[in-house]
Amino acid sequence: QVQQNVERLFTRFVEEGKATVRLREPAVDLCLSKANVINLKTFLSAVRLAHQGNDTGVLPLSPLVPAKNSDVEKPKTKMIITSRRDYPLTKSFPFSLEHLQTSYCKLARIDSRVLCLKKLRKLDLSHNHIKQLPATLGDLVCLQELDLHDNHLEAFSGALCSSGLQKSLQLLDLSQNQIQALPIEFCQLRGLVQLRLDDNALLRLPCRIGQLSRLRFLSAARNKLPFLPCDFRKLSLENLDLFGNPFEQPNPLVPNIQLKIPLTLLECAARATVNHRIPYGCHLLPSHLCKDLEVAKTCRCGSACLSSFIQITVTMNLHHVAHTVVLVDNMGGTEAPVLCYFCSLHCYSQFLDRHLQSN
């Protein structure tokens, strides 16, 4: 199908027998080379007329001759660039690319031409100077591996977490950046199997990290994590590395009490909404209340609590969530503090009794 389907014709080198026809659907480039110049010009004229819906029968098109296999160039699916000198400044990237690596190119941002490569499955932008990720990166709906290792990133936007990457992305490497926190929406990337967060400035992990049910490899070494979120207990990992974090010493006898007695009407309504799984959304509630409900804490009794709770840290052996655990410190430890919440004094008292008896 040619009519209304030609996005652009590249004819700069037509006198050398070369031209490219870029189609809209499917999104491919038809690269022509080693052609007779006169026949090529005639063919391109026919393509223009066909695109406009005109009759091509008036043009003296030459009969088609099957090309030899040696004359047909296979679509390029992989390109690796490892220096600024080799980075293409005027030449476009082949639309057929599935694997693109542009490392050590001193890029300050992601090239807009890369964001048009809809077939990309693996994108390696490591060892550059990228400070911010465009929201349109989420339009690469086939992207399975994204490597942003060793850049200048300070954030990973929630918009990307809510994009097409939710289903496609399986490997994400954000190590050696300057990220202090990940957004609430990060745990919508439920296709993640491998996540690397080493050598950042992370002060916390996403509170709903347990929703990453397919995650098998997690590395967050050499950050600034004082403790792990309560939801961390839900993970089922093959390999876990949390070495070099300044974990606090757990002390269940020193709770952070945020209880409001009696409970506010807002707290009661929020708890009932979560406990009874009552449907809600931004069409019913203000958006900030929806976000609060999405990060509601869960008490040891199974009930929810929002802004009225008792918080402590307890020790968890990381082998409960991972088969292989890299030592947390140089002392050979495999334990880390994890947050624990209670919805009432009664629940906390019950836990405290059991804790004191066990010790």
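A polar contact here is a pair of N or O atoms within 3.5 Å; within protein, one must be able to donate a hydrogen and the other to accept it, and residues adjacent in sequence count only if both atoms are side-chain atoms. You're looking at a predicted model, where local features need pLDDT of at least 70, side-chain atom pairs count only at pLDDT 80 or more, and totals for chains, interfaces and linings use all residues. Residues are numbered from 1 along each chain as its sequence is written, and side-chain values use heavy atoms, with hydrogens and water left out.

Start at aspartate 124, whose side chain makes a polar contact of 2.7 Å with the side chain of serine 126. Aspartate 124 sits in strand E6, residues 122-124 (strands, E, are DSSP runs of at least two residues and helices, H or I, of at least four, numbered from the N terminus). Its relative accessibility is 11%, so aspartate 124 counts as buried (under 20% relative accessible area; exposed is over 50%, partly exposed in between, with a 1.4 Å probe and protein chains only).

Leaving aside neighbours within four places in sequence, aspartate 124 is in contact with residues including Gln101 and Asp147 (contact means heavy atoms within 4.5 Å). Hop over to glutamine 101, then: it belongs to strand E5, residues 99-102, and is buried too, because its relative accessibility is 17%. Its side chain has a polar contact of 3.2 Å with that of serine 103.

Now for a helix. In H5 (residues 287-294), the buried residues are Leu289, Cys290 and Leu293. They cover an arc of only 105° around the axis, so they lie on the same side of H5 (the arc is that of the directions from the helix axis to the C-beta atoms). These buried residues pack against helix H4 (265-275).
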